[in-house]
Amino acid sequence: MFSDREVKVSDTIETILKETRVFPPPEGFSKAAWQGDSASYQKLWSSSQEDPIGFWQTAAENIHWFQKWQKVLQWDEPFSKWFVGARTNAAYNCLDRHLEKHGDKTALLFEGEDGKVDTWTYRRLHSEVCRLSNVIEKDLKLKAGDTATIYLPLMPEAIVAMLACARVGVVHSVIFAGFAAHAIRDRVLDAESKVIFTTDIGYRRGQILELKQTVDAAVTETPCVKSVVVLRRRDTTKLGPKDLDWKDLLSRQTPEHTAQPFDAEQPLFYLYTSGTTGKPKGIVHTTGGYLVGTATTAKWVFDLKPDDIYWCTADIGWITGHSYVVYGLLANAATCLIYEGNLMYPDAGRIWEIIDKHKATILYTAPTAIRSFMRAGDAVPAKYSLKSLRLLGTVGEPINPEAWMWYHTQIGKGRCPIVDTWWQTETGAILISALPGVTSLKPGSATRPFPGIKADIVDEKGNSCGPNEGGYLVIRHPWPSMLRTIHKDPNRFKETYWNKFKGLYFTGDGAHKDQDGYFWIKGRVDDVINVSGHRLGTMEIESALVSHPSVAEAAVVGRPDELKGQSIVAFVTPRDGSDLKDLQKKLKDHVVQEIGSIARPDEIKFTKTLPKTRSGKIMRRLLKDLAAGKEITGDTTTLENPGLVEFIQ
C-alpha cells in the first residue's frame, strides 16, 4: 500500500496488536477530574462528533473576546476561518485577564542548569511584556503584521518576547536555539523578519553556547533585519552596529501598555518545520482558533488544577513549547516550570531532583527522553520521592509499550495516568489523547480523538479502514487550531495536506484503530525523520551534505533507534579524487554548521553510486533496509544496477 519512500504499517502492526494490557482511570483521580464521569463524557464526545462546530463554539466562551464572532467557521476548502469577525488578543488572554485574581500567582518557575531559580508572577510577567511591547512599537517601529524572529534558549525572556509580539500584533517566528546560522538565515528571509531577539550566550551540559555569534553570522546574509535586540548575560559581550541592548531598552519604557484587539484570523506566529523538500515550511497559525484549541486541550488533557506545578520539558523552538509551555497553559492561569539545560546533566537524576525540588505535579516529556531515563537504570529515580506527581504525559512520537510501562511503574508508581498525545506543528493543539479521568489506557496507544476532532484511518482510496487494518491517519473536519496555510506558498499547503484525499486533511502518519476504536500511530509515511521527537526533512540534510565540495550525491534515511526513535544515516557518493581520510567527521561537522547539531548524521556510508530505479528515482526502501542491517527484500528489478548493494560500505 505504501510506496518505497514510505513506512510500511505492516512492519509494526503485529507487535502492537499483541498489547492487551488496560489501565482504567484511578478512582480517586476521576472523582476530582474536570472530566471524570465516563457516561457523561461519552455523551459529550458523541455529540461533538455529530456537531464539532457546536462543541468549539461552546469552548470558545472560555476565551476573552473584545468582540464576538458573526460565524464560527467559514470553510473554503482547504482554507478555513474560525470565529469570523471576532477580535481578541493572545497576550491579554494569557496575562491581563488573570491579574485581578491571579496577579501574585507564579506564572513561570525558572531553573537554570546551574540550579539558580527565578520566580515570575503573573504581575511581573505582565509588566515585562508591557515594557517590551512599548519597545517594539516605539523603539523598533514595528507594526501589526510585521515579523520578528526569536532565537533564545528556554528562559523567561523568550516567553516575554513571544507575548510582547502577540500583544502588538507582530508575528513571531521562534527558531530553536540550536540551529546554525544558515538555518536561521533561511527562516528569517522567508519570514522577512525585521528584528531578531536573542541573547549572547546559553548554557547546556556545563558548556557555554555562543548564540550571538551564530546570529551575527546569519545577519550578514539577511538584509531584511534592521535590529538585533541582545539580552546580555555577561558584561564582556560587545554590541555590533545593528545590536541594541535588551535591558537598556526596557529600562526606558513604562510597565503599562494597552493590549490591542486583533481579528481572530490575525497571524500569531510562523513556525518552520522540515518537509520532504529542502525548503522548510513556514506553518501559519492565527490567533483566535489557536487560543481556543490550546486552552481547551490544555485544561482537559492535563486536567489542570489551580495548584498544579506543570512541567513540559519541550523547548519553545518547537510547537510543543508554543502550545503547552506558553499559550495553552498561561491562558489557563497555570504555573509552568521551565528549565534551561540538559535533563541528565550533571547526572541522570537531574530531572527527578527538579521534580522533587519544585513539587511538580504534571510531567510532559518525549518518549526519547523516557528511553534515556530507562537506560540510566531503575536505581536512579528510586532515589527520589516523586510523590508530588499526579499526571504524566508523552509527546513528539509514538511511545513503545515497554517505555510506557517503565514510565507508569518507575515514575508514576502505578498511580499516575499517562496521557499519550498525538498532534503536529500543523495541528496547533492535541488532536488525539486520553482524558485522564475517563479514559482507560493501553500502553502504546494515543487512545481516542479529542472532542470535536473527527479523525479516521483510510486506505489508499480514502475509504475508512476496519479494525486493525493499517492505513493513513486523516482528519475529516476542520478544527480551530489548524494551520491556515504555508507562508508564501498556498499551493504547497494544498499539495502537502489536501491533495492525497479529497476533502480530508492528510497527516502524513500511518496508523490503525483497534476493536475499541483506539488509535495506534505508526509514524511518518513520508521522507521526514523523527529524531527525539524533532522532525527533520531528509532533503534538507541531503542539501547540506551536497553543499560540501567533496560530495557528489547524498541520500538520507532514518534507522530505528531504541533511544531516539530514529537515527540519521547518510549514504554519500564522494566526488572523484576526494580524500576520504576523516571525511566522515568533516561531513558530520559540515551538517552541524549548515543546519545544527540536531541534524548531525549518526552514520555516513560511502558508495560509488546510489541505488536508483531506471527512471532515476533513489530506492530509499532499499537504503532503509541497509541502514537497519536488514536483508534486502522485495522487488529490485527496477534498479538501474542490481549488483550495486554489495559495494555500499
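Me: Before we count anything, what is a cavity here?
Reply: A cavity is a set of grid points where a 1.4 Å probe fits but cannot get out. This is a predicted model, by the way.

Me: Good. How many cavities of 30 Å³ or more are there?
Reply: The count comes to three. The largest cavity holds about 60 Å³ of space.

Me: Which elements supply at least two residues of the lining of the largest cavity?
Reply: Helix 8 (156-168) and strand 14 (267-273) each do. Lining residues include Cys165, Ala166, Pro267 and Leu268, along with Thr88, Asn89 and Phe262.

Me: And how does that lining divide into nonpolar, polar and charged?
Reply: Seven are nonpolar, five are polar and none is charged.

Me: Switching to helices: at what angle do helix 12 and helix 13 pack?
Reply: Helix 12 (residues 288-301) and helix 13 (residues 319-330) pack at about 100 degrees, and their axes are 9 Å apart. That makes the two helices roughly perpendicular.

Me: Which residues meet there?
Reply: From helix 12, Tyr290, Leu291 and Thr294 are among them, and helix 13 brings residues including His322, Tyr324 and Tyr327. The contact has seven nonpolar residues, five polar ones and no charged ones.

Me: In which sense do strand 29 and strand 30 pair?
Reply: They pair in the parallel sense, over four bridges. Valine 572 has phenylalanine 606 in strand 30 as its bridge partner.

How values were computed. Residues are numbered from 1 along each chain as its sequence is written. This is a predicted model: local features need pLDDT of at least 70, side-chain atom pairs count only at pLDDT 80 or more; totals for chains, interfaces and linings use all residues. Side-chain values use heavy atoms; hydrogens and water are left out. Axes are lines fitted to C-alpha atoms, for helices over the stretch in contact, and angles run from 0 to 180 degrees between N-to-C directions. Angles under 35 degrees count as roughly parallel, over 145 as roughly antiparallel, 65 to 115 as roughly perpendicular and the rest as oblique. Contact means heavy atoms within 4.5 Å. Ala, Val, Leu, Ile, Met, Phe, Trp, Tyr, Cys and Pro count as nonpolar, Asp, Glu, Lys and Arg as charged, and the others, Gly among them, as polar. On a 1 Å grid over the protein atoms alone, a cavity is a set of points where a 1.4 Å probe fits but cannot get out, and a pocket is an open set with protein on both sides within 12 Å along at least five of seven lines; lining residues have an atom within 4 Å of a point. Grid points are joined across faces, edges and corners, and a volume is the space filled by probe spheres set on the points. Two strands pair if DSSP finds at least two bridges between them.
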